[in-house]
Amino acid sequence: MNYNVRGENIEVTPAIREYVEKKIGKLERYFNNTPDANVLVNLKVNNNTSKVEVTIPMQNLVLRAEEENADMYAAIDLINDKLERQIRKHKTKVNRKFRNNLSTTPDAFAFNTEADEVVDEFEDDNDIEVVRNKRFDLKPMDSEEAILQMNMLGHSFFVYTNADTNTTNVVYRRKDGRYGLIEPS
């Protein structure tokens, strides 16, 4: 894995870089082959609070986690735990689908990868402002798989293409903790 460690309001020292590479490098044990991935690590310090964001885009999976803590090293440890949980969930899900459908390879059940993120800011007469524009490929999946992907990304909703109807659907987390589904009529 290739590491891109950036710091905002903090100088990325060799000790911090080495600690990040050591901790995130431990995730390689979950893969048969070392993934050819660019690990994006963003370190921020504001008002004695450290925020760490890690994104690992791979061919069939995007691992992403962020954590805030007073101690930068503790935040990195917590990020590593979150990423390990995401990998275990993904592997369990893929293995379960593979057992249910033996004619299909596990890679067929991979999660979406996020494409380029574009930040687009503008103002109009009504003071409506778009501060972030995100683009990604919609891959066919069922609602259960979309909910798992939504939870792995830590989002409250997820847009996907329904594999059965080939229409765009949205799953979302309701205030009561259950899930909702929006389908076109």
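This briefing describes the fold, the helix packing and a number of individual residues of one protein. The structure is a predicted model, and its secondary structure amounts to three helices and 10 strands. Along the sequence these elements follow the pattern β-α-β-β-β-α-β-β-β-α-β-β-β. Of the 185 residues in the protein, 32% are buried, and among the contacts with a separation of 6 or more, 39% are made by residues 24 or more positions apart.

**Packing of H1 against H2**

- Two packed helices are described by the angle between their axes and the distance between the axes.
- For helix H1 (residues 14–25) and helix H2 (residues 72–100), the axes come within 10 Å of each other and cross at roughly 20°, which makes H1 roughly parallel to H2, since angles under 35 degrees are counted in that way.
- The crossing in which H1 passes H2 is right-handed.
- On the H1 side the contact is made by Ala 15, Ile 16, Tyr 19, Val 20, Lys 23 and Ile 24, and on the H2 side by Tyr 73, Ile 76, Asp 77, Ile 79, Asn 80 and Leu 83.
- By residue class, the contact of H1 with H2 comprises nine nonpolar residues, one polar residue and two charged residues.

**The aromatic pair between H1 and H2**

- One aromatic pair is found when the whole structure is searched, and it is formed by Tyr 19 and Tyr 73 in an edge-to-face arrangement, with 4.8 Å from centre to centre and 80° between the planes.
- Because Tyr 19 lies in helix H1 and Tyr 73 lies in helix H2, the pair ties together parts of the protein that are 54 residues apart in sequence.
- Tyr 73 has a relative accessibility of 31% and therefore counts as partly exposed, given that this class lies between the limits of 20% and 50%.
- Leaving aside residues up to four places away in sequence, Tyr 19 touches Tyr 73, Ile 76 and Asp 77.
- Tyr 19 and Ile 76, although 57 residues apart in sequence, have their C-alpha atoms 8.4 Å apart in space.

**Packing of H2 against H3**

- H2 and H3 pack with their axes 10 Å apart and at an angle of about 170°, so that H2 is roughly antiparallel to H3, the cut-off for this description being over 145 degrees.
- The crossing of H2 and H3 is left-handed.
- In this contact Gln 86, His 90, Lys 93 and Arg 96 of H2 meet Glu 144, Glu 145, Leu 148 and Met 152 of H3, and these residues divide into two nonpolar, two polar and four charged.
- Gln 86, which lies in helix H2, has a relative accessible area of 8% and is therefore buried, the limit for that class being under 20%.
- When residues up to four places away in sequence are not counted, Gln 86 touches Val 62, Leu 63, Arg 64, Ala 65 and Met 152.
- Within helix H3 (residues 143–153), the buried residues include Glu 145 and Met 152, both of which also take part in the contact with H2, together with Ala 146, Ile 147, Gln 149, Met 150 and Leu 153.
- Helix H3 is followed by Gly 154, whose phi is positive and near 75°.

**Loop residues with positive phi**

- Asn 48, in the loop between strand S2 (38–46) and strand S3 (49–57), has a phi near 60°, a positive value in a residue other than glycine.
- With a relative accessible area of 70%, Asn 48 is exposed.
- Asn 166, in the loop between strand S8 (157–162) and strand S9 (168–173), likewise is not a glycine and has a positive phi of about 60°.
- The relative accessibility of Asn 166 is 62%, so this residue counts as exposed, the threshold for exposure being over 50%.

**Phe 136 in strand S6**

- Phe 136 is placed in strand S6 (residues 133–136) and is partly exposed, with a relative accessible area of 32%.
- From C-alpha to C-alpha, Phe 136 and Tyr 160 are 9.8 Å apart in space, while in sequence they are 24 residues apart.

Conventions. Residues numbered from 1 in each chain as written. Predicted model: local features only at pLDDT ≥ 70, side-chain atom pairs only at ≥ 80, totals over all residues. Heavy atoms only, no water. Axes fitted to C-alpha atoms, helices over the stretch in contact; angles between N-to-C directions. Helix = DSSP H or I, 4+ residues; strand = E, 2+ residues; numbered from the N terminus. Parallel < 35°, antiparallel > 145°, perpendicular 65-115°, else oblique. Left-handed = near helix turned anticlockwise from the far one by under 90°. Contact = heavy atoms within 4.5 Å. Nonpolar A, V, L, I, M, F, W, Y, C, P; charged D, E, K, R; others polar. Phe/Tyr/Trp six-rings, centres within 6.5 Å; stacked < 30°, edge-to-face > 60°. Buried < 20%, exposed > 50% of the residue type's maximum accessible area, 1.4 Å probe, protein only.
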